[in-house]
Amino acid sequence: MAYAEGSRADEGVRPAEAPGQAAITLSPAKFAVLFGGILAAYALIAAPQGGVLNWYLTIAWSLYLPFALTGLYRLIRRGNGTLARSAYAGRTDARVIFVIPTVCREDTLPALRRVIDSIIRHAPAALDDWRIDLLIEEDAPAAAALRAHLARRQLKRRVRLLVIPAGYRPLSGARHKARANQYALEARRRSGEDHAGCFVYHLDDDTHVGSDTVRSIAEFVRTKADRYYLAQGVLTFPHELSPSLFCRLADSIRPGDDITRCGFFTGELGLPLGGLHGEHLLVRADIEDAIGWDADTLVEDARFALLFACRYPGRSCTLASFSYGASPACIRDLVCQRRRWAAGLFGLVLKGDGIALRARIPLAWMMLCWVMGPFQSVAVALMLAWMFGNGSTSPVAWWWIVPWALNLAYSLFQYLEGLKVNLLVSARRGAYLPLALLLVPLSCCFAFVEGYAALAGLVRFLAREHAFEVIAKNR
């Protein structure tokens, strides 16, 4: 049976449509309440001390302040406190290529089918000239099953399956996803699609699109592409796409971070110095061709971000839309995922890969904050206070409670607002209040787990291990 463009796809793409196109209201007042409450609590219990632990905590619990301030600036700049999803009614006839690298294993295939079907369903609403480029290895385990799915859907006109030869070696030694992206770039170059009138939209093989996603692409091409060369949207994680409650709540931080810190760098400054995601990323084809992906790195997206910031300052912006991805299926997978990111980011920060030091400073500071997670734990601080014998976890001066309260309030705000976003894009939304009450105490666990993963990533980098682990996406 033929699969008509624009018709209903598999049920797996329904989460993106559940909430419609309404804007999501953010809650700056929530931050004010959190900040005021935490500040008052600190003021009641703080009795400044000058011990070693007090000096350590004074510094460690203040490290995140620059990012908290930039994130809050972004929030204030939004003005109306809303996070809009594009309802752009126009269309574009510019070519848009959806690039999806995949390991194409049996355990990743269900998610990949969901992604493909979502594009087929939604792209015709705003795009006239579009195509999906699927990138698989020559020996991909589930290649036959993928071809069978494409044949059933009769997608030959809209899908180009790019099989990467086993012997393909980019000049600078790119491996893994960077190698796949470079192969796709060279394929576009050969077909004459490396010009300013062509746009490349990157997706992971577990991240589907909604109607807001494709409308925001058309909106960017029609109204912003003369000024901006790159745009990044907000990553969201519908709860039904992961069986793990812990991982679903832990991934609340990701849309929260996109709205605030990442939005500041990419949207306000036009400099993606805070990094980019390798998904929900739109780049003009000639710009991507000029920068390229050919580098031996685990974090090709972060490297691309810093090179873009150096070469094209002020030329990035945000997409008014979401992508819809899957959180890890278990805590082990979450640690595995974060560990890979951390190993790659430490490599980028410390080795440089030809990127100017000044461009790496924000990322270096972020990695310092990340890896300090276990050592900033309240439980660890209380244990050390007991070991030191004075029981004090107060700062060395009373006014340090202000940055302490601001950092903690900002972190909780990111989690709580991210939870709200993820629930609103979920088909099975659940109740916000009970989950929020659970999330607050769990946030201490999240910081410890994330920090442990960052430490493990640092160890991997120092040991020169170059593992690129792809966790299962079985939904």
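I take contact to mean heavy atoms within 4.5 Å. The model is predicted, so I note that local features need pLDDT of at least 70 and side-chain atom pairs count only at pLDDT 80 or more, while totals for chains, interfaces and linings use all residues. Residues are numbered from 1 along each chain as its sequence is written, and side-chain values use heavy atoms, with hydrogens and water left out.

**Ser-252.** I looked up its contacts beyond four places in sequence and found Gln-414, Tyr-415, Gly-418, Leu-419, Asn-422 and Leu-439. Ser-252 sits in the loop between helix H8 (245–250) and helix H9 (253–269); helices are DSSP runs of H or I with at least four residues, numbered from the N terminus. Its relative accessible area is 0%, hence buried (under 20%, 1.4 Å probe, protein chains only). I also recorded a C-alpha separation of 30 Å between Ser-252 and Arg-358, which lie 106 residues apart along the chain.

**Helix H12.** H12 (residues 331–351) has 21 residues and spans 30 Å from first to last C-alpha, close to the 30 Å expected at 1.5 Å a residue; the expected span is 1.5 Å times one less than the number of residues. I found 16 of its 21 residues buried, so H12 is largely enclosed by the rest of the structure. Just after H12, Gly-352 has a positive phi of about 95°.

**H1 and H15.** I checked the axes of H1 (residues 28–45) and H15 (residues 401–424), which come within 8 Å and cross at roughly 140°. Axes are lines fitted to C-alpha atoms over the stretch in contact, with angles from 0 to 180 degrees between N-to-C directions.

Technical notes
Helix = DSSP H or I, 4+ residues; strand = E, 2+ residues; numbered from the N terminus. Buried < 20%, exposed > 50% of the residue type's maximum accessible area, 1.4 Å probe, protein only.
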